[in-house]
Amino acid sequence: MRELSAYFCPKCGHYAYFQLPKNAVCCGCHISMRRINMPFQRFMDMDCEERDRYISCRIIETTPSLAHRICAPDKLYDQRRLIGRLTEEYSKLENENQSLNQTVDWMHKTIWEQLRRMKELELKVEELEKRRER
Ligand SMILES: [Zn+2]
């Protein structure tokens with residue numbers, strides 16, 4: 001019998017145990033999970049907090065752009081600074097998201113305005129055609 005290995009989802013951090021890599025698919029995100037590179041028993045021996053921390057680090061590692069954005073300026077081994085950086089990154093993304101939403105709102109308004117004008121023009125054209133027919 002094949003040994004179990006621990007796998008984690010790089011998107012949501014969910015972890016589970018599988019014998020075969022092909023079965024390692026996240027039940028929530030439906031993407032392939034990554035094998036945790038340590039003996040199964042050692043992973044089992046970690047407590048919840050250690051597992052959380054370990055998987056968090058792997059997720060950051062497997063997201064090159066994120067890791068680069070967060071860790072490039074200087075190697076951040078200090079967790080407080082890392083969290084500070086993550087919080088900063090998060091609020092930046094939140095702001096970006098907000099301005100995108102505003103753009104979408106604006107586009108909605110513009111589109112409705114355009115549709116209303118087109119309707120008006122259509123009515124005018126109809127009216128003109130009717131007049132011509134008379
Ligand atoms: Zn997942």
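Me: What makes β1 and β2 a strand pair, and in which sense do they pair?
Reply: This is a predicted model, in which local features need pLDDT of at least 70, side-chain atom pairs count only at pLDDT 80 or more, and totals for chains, interfaces and linings use all residues. Residues are numbered from 1 along each chain as its sequence is written. Helices (H or I, at least four residues) and strands (E, at least two) are DSSP runs, numbered from the N terminus. Two strands pair if DSSP finds at least two bridges between them; β1 (residues 5-8) and β2 have four, in the antiparallel sense, so they qualify as a pair. Tyr7 has Ala16 in β2 as its bridge partner.

Me: Why are β2 and β3 said to stand at the edges?
Reply: The open, antiparallel sheet has the order β2-β1-β3. β2 (15-18) and β3 (34-35) each have a single partner strand, so one side of each lacks a neighbour in the sheet.

Me: What makes α4 hardly covered?
Reply: A residue is buried if 20 or more other C-beta atoms lie within 10 Å of its own, exposed if 12 or fewer, and partly exposed in between, with C-beta atoms placed from the backbone. The count of buried residues in α4 is zero.
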